Amino acid sequence: MHEIGLLKNALSSVKHQALKEGLRRVDLVELVVGKMQGITADSLALALEIARADEPMFARCRVKVKEVEGAMECLDCHGRFSLDKPADSCPSCHGPNLKLISGLEFYVDSYSGS
Ligand SMILES: [Zn+2]
């Protein structure tokens with residue numbers, strides 16, 4: 001359940017910013033989440049419940065998620081492919097030298113409050 005830690009970190013930076021702007025509560029947070037994080041909507045909802053209980057500022061906050069496709073590049077054949085989970089070898093040449101090029105994002109895109 002690493003999403004709890006990730007979400008807590010994300011929300012604590014939102015809190016920091018929001019307080020500076022004089023907001024008293026945050027109603028909506030838009031997150032960018034890479035598919036390779038392996039985070040499901042259910043586990044994110046649970047993490048949000050925990051964060052809400054912890055922090056009154058987020059008591060009524062909703063979270064919108066923008067998913068980013070996972071992608072890897074093969075360093076041997078230079079093929080690029082998209083996937084949902086990290087792979088061990090290249091699907092075209094079966095080489096083991098893969099580089100992750102996207103899919104591990106987890107950050108706050110925007111938020112709003114009052
Ligand atoms: Zn390859």
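**Reading a predicted chain: questions and answers**

Student: What share of the residues counts as buried?

Tutor: A residue is buried if 20 or more other C-beta atoms lie within 10 Å of its own. Of the 114 residues of the chain, the share that counts as buried is 23%.

Student: Is α1 oblique or roughly parallel to α2?

Tutor: Helix α1 covers residues 2-20 and helix α2 covers residues 41-54. Their axes lie 9 Å apart, at an angle of about 55°. Angles under 35 degrees count as roughly parallel and 65 to 115 as roughly perpendicular, so α1 is oblique to α2.

Student: Which residues make the contact, and how do they divide into nonpolar, polar and charged?

Tutor: From α1 come E3, I4, L7, K8 and L11. From α2 come S43, L44, A47, L48, I50 and A51. These residues divide into 8 nonpolar, 1 polar and 2 charged.

Student: Is the crossing of α1 and α2 left-handed or right-handed?

Tutor: Two packed helices are described by the angle between their axes and the distance between the axes. The way α1 passes α2 is right-handed.

Student: Is R62 buried or exposed?

Tutor: R62 is in strand β2, residues 62-68. Beyond residues up to four places away in sequence, R62 touches D27 and L28. R62 has 11 other C-beta atoms within 10 Å. The cut-off is 12 or fewer, so R62 is exposed.

Student: How is Q37 classed, with 18 other C-beta atoms within 10 Å?

Tutor: Q37 lies in the loop between β1 and α2. Leaving aside neighbours within four places in sequence, Q37 is in contact with L104 and F106. A buried residue needs 20 or more and an exposed one has 12 or fewer, so with 18, Q37 is partly exposed.

Student: How far apart are the C-alpha atoms of Q37 and L23?

Tutor: The two residues are 14 residues apart along the chain. Their C-alpha atoms are separated by 30 Å.

Methods:
Residues are numbered from 1 along each chain as its sequence is written. This is a predicted model: local features need pLDDT of at least 70, side-chain atom pairs count only at pLDDT 80 or more; totals for chains, interfaces and linings use all residues. Axes are lines fitted to C-alpha atoms, for helices over the stretch in contact, and angles run from 0 to 180 degrees between N-to-C directions. Helices (H or I, at least four residues) and strands (E, at least two) are DSSP runs, numbered from the N terminus. Angles under 35 degrees count as roughly parallel, over 145 as roughly antiparallel, 65 to 115 as roughly perpendicular and the rest as oblique. A crossing is left-handed if the near helix is turned anticlockwise from the far one by less than a right angle, and right-handed if clockwise. Two residues are in contact if their C-beta atoms, placed from the backbone, lie within 7 Å. Ala, Val, Leu, Ile, Met, Phe, Trp, Tyr, Cys and Pro count as nonpolar, Asp, Glu, Lys and Arg as charged, and the others, Gly among them, as polar.
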